[in-house]
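Keep the sequence and the 3D view open while you read.

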Amino acid sequence: MVATAANAADGTMLPHLLHGAETRVWGDQAYRGQAEVLREYAPQAQDFTHRRYRYKDRIDEVERAKN
């Protein structure tokens with residue numbers, strides 16, 4: 001667990017939350033786009049963070065169901 005000030009973004013704390021032996025990492029959209037951090041700090045982990053399913057006027061139903 002990491003405690004920060006309210007003005008610190010959740011996604012910036014990801015390296016502090018990983019110990020390196022993870023096999024899966026789950027997270028909300030605050031952790032989206034952190035694949036490089038995951039590869040560096042938890043190389044064995046699969047990325048199960050929330051994905052964007054809505055883009056402009058299109059909704060990807062498959063990705064929406066996964067989330």
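What follows is a short tour, from the overall layout to single residues.

This is a predicted model, so treat it as a computed picture. The protein has three helices and four strands, and read along the sequence they come in the order α-β-α-β-β-β-α. Of its 67 residues, 21% count as buried.

**Overall layout**

- Along its principal axes, the C-alpha trace spans about 35 × 30 × 15 Å.
- The accessible surface comes to about 5400 Å², and carbon and sulfur atoms own 48% of that surface.
- Take the contacts in the protein with a separation of 6 or more: residues 24 or more positions apart account for 8% of them.

- Which way do S1 and S2 pair, parallel or antiparallel? They pair in the parallel sense, over four bridges.
- To get from S1 to S2, the chain goes through H2, and this β-α-β crossover is right-handed.
- You can check the pairing on screen: Gly27 stands opposite Thr49 in S2, and Trp26 has Phe48 in S2 as its bridge partner.
- Here's a handy rule for looking at strands: in a regular strand, side chains alternate between the two faces of the sheet.

**The aromatic pair**

- How many aromatic pairs does a search of the whole structure find? The search finds one.
- The ring centres of Trp26 and Phe48 are 4.6 Å apart and their planes sit at 20 degrees, so the pair is stacked. The cut-off for calling a pair stacked is an angle under 30 degrees.
- This pair links distant parts of the chain, since Trp26 belongs to strand S1 and Phe48 to strand S2 (residues 46-49), 22 residues apart.
- The two partners fall into separate accessibility classes: Trp26 is exposed, with a relative accessible area of 60%, while Phe48 is partly exposed, at 30%.

**The nonpolar core**

- Which residues make up the largest nonpolar core? There are seven: Leu14, Leu18, Val25, Tyr31, Leu38, Ala42 and Ala45.

**Around helix H1**

- Asp10 sits in the segment before H1. Its relative accessibility is 43%, so Asp10 counts as partly exposed.
- Once you leave aside neighbours within four places in sequence, Asp10 is in contact with Ala30 and Tyr31.
- Asp10 and Leu38 are 28 residues apart in sequence, and their C-alpha atoms are 15 Å apart in space.
- Leu17 is in helix H1 (residues 14-17). With a relative accessible area of 36%, Leu17 is partly exposed.
- Leaving aside neighbours within four places in sequence, Leu17 is in contact with Met1, Val2, Glu22 and Tyr31.

**Two loops on either side of H2**

- Gln34 is in the loop between strand S1 (24-27) and helix H2 (35-41).
- Is Gln34 buried or exposed? Its relative accessible area is 16%, so Gln34 is buried; the cut-off for that is under 20%.
- Beyond its neighbours within four places in sequence, Gln34 is in contact with Gly11 and Leu14.
- Pro43 is in the loop between H2 and S2. Is Pro43 buried or exposed? Pro43 counts as exposed because its relative accessibility is 54%, and exposed means over 50%.
- Setting aside neighbours within four places in sequence, Pro43 is in contact with Gly20 and Leu38.
- Pro43 and Gly33 are 10 residues apart in sequence and 15 Å apart in space, C-alpha to C-alpha.

Notes:
Residues are numbered from 1 along each chain as its sequence is written. This is a predicted model: local features need pLDDT of at least 70, side-chain atom pairs count only at pLDDT 80 or more; totals for chains, interfaces and linings use all residues. Side-chain values use heavy atoms; hydrogens and water are left out. Buried means under 20% relative accessible area, exposed over 50%, partly exposed in between (1.4 Å probe, protein chains only). Contact means heavy atoms within 4.5 Å. Rings of Phe, Tyr and Trp (its six-membered ring) pair if their centres lie within 6.5 Å; planes under 30 degrees apart count as stacked, over 60 as edge-to-face and the rest as tilted. A nonpolar core is a set of buried Ala, Val, Leu, Ile, Met, Phe, Trp, Tyr and Cys residues joined through side-chain atoms within 4.5 Å. Two strands pair if DSSP finds at least two bridges between them. A crossover is right-handed if, with the strands pointing away from the viewer, the path from the first strand over the helix to the second runs clockwise. Accessible areas come from the Shrake-Rupley method with a 1.4 Å probe; for residues, only the protein chains shown count as cover.
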